[in-house]
Number of protein chains: 2
Amino acid sequence: MSAPDDERLTRVALSALGEPGDPRLLDAVTRLGPVAVHDLLLSGNTIEELQTDPDARRSAADPERTLAQAAERGLRFVVPGDPEWPVQLDDLATAEPLQSRGGVPIGLWVRGPRRLDELAGSVAVVGSRSCTTYGADVAAEIAATLSAAGRCVVSGAAYGIDQAGHRGALAGGGGTTAVLACGADRVYPAAHQQLVDHIGAHGAVVSEALPGWSPTQVRFLARNRLIAALTVGTVVVEAAARSGALNTANWAARLNRPVLGVPGPVTSAASEGVHHLIRSQAAVLVTSGADVLEVVGAAGEHLVVEPRGPVRARDRLTIRQRQVLDAVPAIRAAPDHSIARTAGLALADARETLTRLAGLGLAEEVGGGWRLAALAHE
Amino acid sequence: MSAPDDERLTRVALSALGEPGDPRLLDAVTRLGPVAVHDLLLSGNTIEELQTDPDARRSAADPERTLAQAAERGLRFVVPGDPEWPVQLDDLATAEPLQSRGGVPIGLWVRGPRRLDELAGSVAVVGSRSCTTYGADVAAEIAATLSAAGRCVVSGAAYGIDQAGHRGALAGGGGTTAVLACGADRVYPAAHQQLVDHIGAHGAVVSEALPGWSPTQVRFLARNRLIAALTVGTVVVEAAARSGALNTANWAARLNRPVLGVPGPVTSAASEGVHHLIRSQAAVLVTSGADVLEVVGAAGEHLVVEPRGPVRARDRLTIRQRQVLDAVPAIRAAPDHSIARTAGLALADARETLTRLAGLGLAEEVGGGWRLAALAHE
């Protein structure tokens with residue numbers, strides 16, 4: 001850890017005094033530094049006046065004890081200037097607030113062995129809590145591909161797509177990181193205790209909120225900006241028209257990071273928000289983890305193979321064979337001289353080629369004429 | 001009919017001498033006129049040398065009889081300069097050939113009561129022959145919406161999406177038009193005899209190929225360019241990686257007409273080609289007939305309603321109520337003074353608002369604190 005101890009402790013106190021993602025507070029800290037802002041807040045005020053929650057008040061008044069208690073629960077506090085600090089979060093300093101949230105976090109409470117600077121190149125996989133099995137399957141596939149390619153998958157540990165993304169990523173080398181709206185020592189939803197504990201044991205569980213804090217609407221919004229800011233791109237797998245995942249997508253766009261959308265049936269309400277993103281060109285359409293890697297990867301690093309159908313007998317023809325085949329009727333047989341004319345060839349050449357095409361199973365002679373055979377219809 | 005009779009007859013002869021969409025022949029006709037090209041072709045040649053198919057040779061040698069025979073079968077020959085001529089086809093004069101097909105048709109053989117100049121504003125609905133039921137349903141829905149809005153739906157009468165598009169459009173005021181690769185007096189595939197006859201009785205069946213000619217690969221390619229050129233936009237509903245529908249889409253792009261793609265599950269091979277078009281921004285994503293109308297319609301004529309979720313209790317709150325609600329924890333209740341601080345309000349104001357939120361079913365008092373209630377989670 002390289003940030004001076006007094007600055008770190010001041011940041012702990014500020015973390016207890018303010019809400020996650022409070023744009024005015026965080027902007028002041030970025031511009032003036034934590035000590036000056038702390039002094040300003042306390043000039044003429046007491047901590048009691050600034051923070052009405054008794055727990056948070058105690059945390060702000062005794063940051064050393066707050067840090068020690070957090071450490072007992074396996075949490076560390078990572079602040080700007082630390083070697084572990086994920087510098088991509090500094091992009092938040094210049095981004096306009098969204099839904100009254102914004103700014104570089106004062107610090108991040110972290111549980112787990114993964115260093116946050118290893119999140120460079122990580123990818124967010126987010127989407128609806130009420131996803132379909134199709135969405136969950138695709139999210140898991142994409143996350144598994146990303147993780148296998150060494151990309152950490154970042155999500156919010158919510159029901160649905162978040163969960164599928166985390167689970168899909170667990171097996172790969174990139175692993176997964178959960179960013180929470182509640183304190184990093186807590187779990188929301190409670191049903192994901194095991195999942196989040198597993199991530200905390202093998203990856204990282206991250207929160208801007210003070211340990212012990214519960215998730216509120218503003219904290220979800222503040223959290224979404226961190227998921228977008230930590231990663232090099234945000235994949236939205238399913239999102240209904242008003243899904244919170246669209247807030248994360250908006251943050252990614254605001255931070256000039258690519259937004260990637262997975263389409264689904266147009267008859268599925270769960271894909272409506274994603275289709276809208278793609279249609280308005282706010283998101284690039286992706287169909288697989290390989291597509292995602294191509295968009296977020298360094299130029300040339302991941303090149304998607306253009307979709308191709310199977311190689312067919314037709315594809316292996318010479319130009320002349322193709323020319324003749326194109327002149328062979330599909331149903332009613334035509335005489336060879338007619339085919340020769342359509343193909344623009346001498347009769348002898350056309351006859352020879354027709355015989356060769358018959359040998360390939362592409363043409364057949366019927367009643368003195370020629371027509372396409374079974375293979376030509378494939 | 002306004003084209004001079006001799007020019008019309010010369011075009012009939014040329015139509016019998018050349019293949020549909022032969023770019024060199026059609027370019028010469030556009031630049032020099034049909035009579036000059038006909039003279040050039042015959043100078044030093046006989047019709048026998050130019051056309052080896054006996055039927056076509058007879059048609060070229062006696063265009064008056066060819067026209068009369070076609071009329072007996074209910075066909076007319078529409079040529080540039082006729083009041084009925086669809087002038088949008090003239091855009092083909094300056095478009096580069098694609099797969100050796102291109103150019104303004106010498107004329108169009110037409111069966112059915114619909115005048116071709118009424119195809120202004122028409123929309124192509126094309127896609128895979130081997131479509132899924134999902135694709136067929138969506139194609140029919142889109143075609144029905146377009147037709148109900150007075151837009152004629154143009155397609156190729158093939159199995160799959162083409163058929164669904166024609167059928168979906170039949171009921172609406174826009175009707176439907178089939179453009180064939182075989183002669184307009186024939187039907188391919190044979191199973192669509194009834195469908196094509198119905199379109200010929202109520203709309204129009206169109207072909208560049210001489211009556212009686214069978215469908216060949218080059219004629220399919222020539223036909224695809226007409227579908228794209230006749231319409232103001234091409235909707236691709238499902239298309240595997242090498243579907244012929246992508247050829248039509250390429251023609252639409254070449255003619256600066258919008259290409260619209262309907263997404264599907266990324267797990268469906270039938271949507272692979274469409275996803276590729278959208279991903280490479282060769283197509284705009286559409287999810288409904290209304291989306292299509294918005295893209296192809298005159299500016300402001302059809303405005304799609306932005307997708308919105310249902311109106312929820314949350315949406316009707318005042319700013320202060322929302323401010324307080326945002327500060328209410330989701331699970332573990334918090335005391336009112338803590339909520340007041342998070343919301344940035346005086347305690348009395350927060351208490352009053354919390355009581356109001358409880359009345360709306362959004363918050364609940366539990367053990368001396370407040371947390372979100374059922375409706376707030378919706």
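Where in chain B does B:Pro189 lie? B:Pro189 is in the loop that runs between strand E5 (176-180) and helix H9 (193-202) of chain B. The structure described here is a predicted model.

## Cis peptide bonds

In chain A, the peptide bond from A:Tyr188 to A:Pro189 is cis, and its omega is near -5°. A:Pro189 is placed in the loop between strand E5 (176-180) and helix H9 (193-202) of chain A. Most peptide bonds are trans.

## Residues with positive phi

Most residues other than glycine have a negative phi. In chain B, B:Ser100 has a phi near 65°, a positive value in a residue other than glycine. B:Ser100 belongs to the loop between strand E1 (75-78) and strand E2 (108-111) of chain B. B:Ser100 counts as partly exposed because it has 15 C-beta neighbours inside 10 Å.

B:Asn256 is not a glycine, yet its phi is positive, at about 60°. The loop that holds B:Asn256 runs between helix H11 (245-254) and strand E8 (259-261) of chain B. With 8 C-beta neighbours inside 10 Å, B:Asn256 counts as exposed.

## Where the two chains touch

Contact between the chains involves 46 residues of chain A and 47 residues of chain B. On the side of chain A that touches chain B, at least two residues each come from helix H7 (133-148), helix H10 (217-230), helix H12 (272-279), strand E9 (284-285), helix H14 (319-327) and helix H15 (336-343) of chain A. H12(A) supplies the largest share of that side, 6 residues. By type, the residues on the side of chain A that touches chain B are 22 nonpolar, 15 polar and 9 charged.

## The nonpolar cores

The largest nonpolar core has 198 residues. Those that touch the most other members are A:Val125, A:Val235, A:Val236, B:Val125, B:Val235 and B:Val236. With neighbours within four places in sequence left aside, the contacts of A:Val235 are A:Val123, A:Ala124, A:Val125, A:Ile142, A:Leu260, A:Val262, A:Val286 and A:Val292. Another core, of 16 residues, lies apart from the largest one, and B:Ala333, B:Leu354, B:Leu357 and B:Ala363 are among its residues.

## Helix H3 of chain A

Helix H3 (residues 34-42) of chain A has these buried residues: A:Pro34, A:Val37, A:His38 and A:Leu41. They lie on the same side of H3(A), because they cover an arc of only 100° around the axis. An α-helix has 3.6 residues a turn, so residues three or four places apart point the same way. Helix H1 (5-17), helix H2 (23-32) and helix H4 (47-50) of chain A pack against the buried residues of H3(A).

The other side of H3(A) has A:Asp39 and A:Leu40, which are exposed. Just after H3(A) comes A:Gly44, with a positive phi of about 85°.

## Helix H5 of chain B

In helix H5 (residues 54-61) of chain B, the buried residues are B:Ala56, B:Arg57, B:Ser59 and B:Ala60. Their arc around the axis is only 160°, so they are on the same side of H5(B). Among the elements that cover the buried residues of H5(B) are helix H1 (5-17), helix H4 (47-50) and helix H6 (63-72) of chain B.

Helix H6 of chain B also holds B:Glu72. B:Glu72 is exposed because 9 other C-beta atoms lie within 10 Å. B:Glu72 and B:Pro97 are 25 residues apart along the chain, and 34 Å separates their C-alpha atoms.

## Packing of H7 and H8 in chain B

Helix H7 (residues 133-148) and helix H8 (residues 161-170) of chain B pack at an angle of about 35°, and their axes are 7 Å apart. H7(B) and H8(B) make a right-handed crossing. From H7(B), the contact is made by residues including B:Gly135, B:Ala136, B:Ala139, B:Ala140 and B:Ala143. From H8(B), the contact residues include B:Ile161, B:Ala164, B:Gly165 and B:Gly168. The residues of the contact of H7(B) with H8(B) are 9 nonpolar, 4 polar and 2 charged.

Definitions and conventions. Residues numbered from 1 in each chain as written. Chains lettered and ligands numbered in written order. Predicted model: local features only at pLDDT ≥ 70, side-chain atom pairs only at ≥ 80, totals over all residues. Contact = placed C-beta atoms within 7 Å. Helix = DSSP H or I, 4+ residues; strand = E, 2+ residues; numbered from the N terminus. Nonpolar A, V, L, I, M, F, W, Y, C, P; charged D, E, K, R; others polar. Buried ≥ 20, exposed ≤ 12 C-beta atoms within 10 Å, placed from the backbone. Arc of directions from axis to C-beta. Core = buried A, V, L, I, M, F, W, Y, C linked by C-beta atoms within 7 Å. Axes fitted to C-alpha atoms, helices over the stretch in contact; angles between N-to-C directions. Left-handed = near helix turned anticlockwise from the far one by under 90°.
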